[in-house]
Amino acid sequence: MTSTPEPPGSARPGGRTARNTAAVLRATLDELGEHGYAGLTVDRVAARSGVHKATVYRRWGGVDGLLAAALEWSAREHDWAPTRTGTLEGDLLALAEDVRHGFTDAPEGAVSAASIAAALASPVAAEALRAFMADRHERSAAVVAEAVERGEVPEGTDAVEVVRCAVAPVYHRLLVGREPVSDADLRRAARIAADAARAGAFVTRD
């Protein structure tokens, strides 16, 4: 795979520049959560971060560049790891709980929902969100790999697909049906995904 240039604002400069970068990207997420993608402006981000808007335009180019960099920064700065419970079903339940928390608890919930809305409106935001979710899925897949090592699920199990199966019903209820998600809903999703994995439903075949 060939490398591609980093988007403006994605580098990791040091000192004052690093502080300004963090302030701008944090302000971008805060503004996104409060005003949504439609209300996200360079002027608001600049005012909130205390960084001159000319600097913001020069480094990030505009709203889409800011949002892409902010999502990448968020994934990097918040060194998230999945909870381990000792069983695949328990680990998948913890992942489902994390998804529910991420969309229903303030202020994270507003930012998460606004990020989805932004991805529907902007190809740049959509690509940034795909990268963010790919990172989360890869980190989450570790719990399935550990279940393979314990002999809970067969060799060759597609770990990312097991994770997707466990969390997809949660996303559907939250974002499509706009329904409350109960503890029973989470337990059911985790149990179904774990049972299917143990039965070999996610084993990749040629």
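This report covers model confidence, nonpolar cores, selected residues and pockets in a predicted model.

## Confidence

The chain has a mean pLDDT of 89. Of its residues, 92% reach 70 or more. Among the elements, helix α4 (residues 63-77) has the lowest confidence, with a mean of 87. Confidence is highest in α9, at 98.

## Nonpolar cores

The largest nonpolar core has 28 residues. Leu88, Leu92, Leu95, Val144 and Val170 have the most contacts inside it. Two or more residues come from each of α5 (88-104), α7 (123-150), α8 (159-176) and α9 (183-198). Helix α8 gives the largest share, eight residues.

Take Val170 from this core. Not counting residues up to four places away in sequence, Val170 touches Ala96, Val99, Arg100, Val181 and Leu186. A second, separate core has 25 residues. Leu25, Leu32, Val111 and Ala118 are among them.

Ser115 sits in helix α6 (residues 108-121). Its relative accessible area is 6%, under the 20% cut-off, so Ser115 counts as buried. Leaving aside neighbours within four places in sequence, Ser115 is in contact with Leu32, Leu71 and Leu129. Leu32 also belongs to the second core.

Gly15 lies in helix α1 (residues 15-35). Gly15 is partly exposed because its relative accessible area, 42%, falls between 20% and 50%. Gly15 and Gly61 are 46 residues apart in sequence. Their C-alpha atoms are 22 Å apart in space.

## Largest pocket

The largest pocket holds about 900 Å³ of space. Its lining has 29 residues. Gly102, Glu108, Ser112, Phe132 and Arg136 lie nearest the centre.

Helices α1, α4, α5, α6, α7 and α8 each supply at least two lining residues. By class, the lining has 16 nonpolar, eight polar and five charged residues.

## Second largest pocket

The second largest pocket has a volume of about 280 Å³. Its lining includes Ile116, Ala119, Leu129, Met133, His137, Arg164 and Tyr171. Leu129 is also one of the contacts of Ser115.

Helices α6, α7 and α8 give two or more residues each to this lining. The lining divides into nine nonpolar, one polar and two charged residues.

How values were computed: Residues numbered from 1 in each chain as written. Predicted model: local features only at pLDDT ≥ 70, side-chain atom pairs only at ≥ 80, totals over all residues. Heavy atoms only, no water. Core = buried A, V, L, I, M, F, W, Y, C linked by side-chain atoms within 4.5 Å. Buried < 20%, exposed > 50% of the residue type's maximum accessible area, 1.4 Å probe, protein only. Helix = DSSP H or I, 4+ residues; strand = E, 2+ residues; numbered from the N terminus. Contact = heavy atoms within 4.5 Å. pLDDT = per-residue confidence, 0-100. 1 Å grid on protein atoms, 1.4 Å probe; cavity = no way out; pocket = protein on both sides within 12 Å on 5 of 7 lines; lining within 4 Å. Points joined across faces, edges and corners; volume = space filled by probe spheres on them. Nonpolar A, V, L, I, M, F, W, Y, C, P; charged D, E, K, R; others polar.
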